[in-house]
Amino acid sequence: EGINRKSESKYAKGLSELAELLSLETAPERIEIYDISNTGGADTVGYLTVFVNGEPKKSEYRKFKIKYVEGQNDYECMYEVIYRRLMRYLSEQKELEETGEEREYKFINLPDVIFVDGGKNHVSVGKRAVADAGLSIEVFGLVKDNAHRTKDVTSDTREYGCINKRAAFSLITRMQDETHNHAVKFHHETRTKSLIHSELSDI
């Protein structure tokens with residue numbers, strides 16, 4: 001129990017700083033972060049990571065291959081991934097209510113807050129996806145500097161100056177790096193498979 005309490009409190013300061021900075025009612029327990037990865041618009045994928053009390057919950061990470069957006073359009077890809085995830089929640093919720101069946105649902109837990117890898121426009125499409133799903137979840141963006149390092153948290157209207165809150169800044173940097181690394185890895189795997197497939201087709 002002592003170990004549990006210790007791990008819960010490890011990121012408590014970062015989470016409470018984040019809540020204060022973003023004017024959230026309480027420190028977010030469950031955070032979901034979304035990133036899109038592609039090469040010139042080809043083999044585009046989305047990746048979702050989940051953090052509970054600041055800790056990565058890898059069993060709930062999810063991969064998405066883009067189905068409905070053609071070419072390089074990061075914004076619409078972000079919309080697609082978030083919307084598909086939330087619609088899966090709604091369908092699982094409905095099934096649970098109708099059947100009462102306790103099976104392993106993959107999308108049944110909603111986040112307290114969503115972060116997208118990107119700026120104000122990414123936040124706007126994230127908010128649109130949430131609204132179109134008929135839900136109410138706060139959406140923020142994780143902005144990078146020119147060297148691709150975490151710079152700040154943004155809404156669709158302003159940046160927050162997160163660098164002044166050391167624990168919160170350290171937390172969002174770690175979460176953004178984790179998400180980005182998984183997204184890039186999944187994209188490389190998808191791209192490699194697709195290249196092998198096309199080479200085999202040529203043969």
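Colleague: What is the mean pLDDT of the protein chain?
Modeller: The mean is 89, and 89% of residues reach 70 or more. pLDDT is the predictor's confidence in each residue, from 0 to 100. This is a predicted model: local features need pLDDT of at least 70, side-chain atom pairs need 80 or more, and totals for chains, interfaces and linings use all residues. Numbering runs from 1 along each chain as its sequence is written, and side-chain values use heavy atoms, without hydrogens or water.
Colleague: Where is confidence lowest?
Modeller: In helix H1 (residues 2-10), with a mean of 56. Helix H4 (residues 120-132) is highest, at 98. Helices are DSSP runs of H or I, at least four residues; strands are E runs of at least two, and both are numbered from the N terminus.
Colleague: OK, packing. How many residues has the largest nonpolar core?
Modeller: 27, with Leu22 and Phe140 among those with the most contacts inside it. Such a core is a set of buried Ala, Val, Leu, Ile, Met, Phe, Trp, Tyr and Cys residues joined through side-chain atoms within 4.5 Å. Buried means under 20% relative accessible area (1.4 Å probe, protein chains only).
Colleague: Which element gives the most to this core?
Modeller: H5, with seven residues.
Colleague: And what does leucine 22 touch?
Modeller: Phe115, Phe140, Val153 and Tyr160, leaving out residues up to four places away in sequence. Contact means heavy atoms within 4.5 Å.
Colleague: Switching to H3. How many residues has it?
Modeller: Helix H3 has 26. Its buried residues include Met78 and Leu86, both also part of a second, separate core of 22 residues. Just after H3, glycine 100 takes a positive phi of about 70 degrees.

Definitions and conventions
Buried < 20%, exposed > 50% of the residue type's maximum accessible area, 1.4 Å probe, protein only. Expected span 1.5 Å × (residues − 1).
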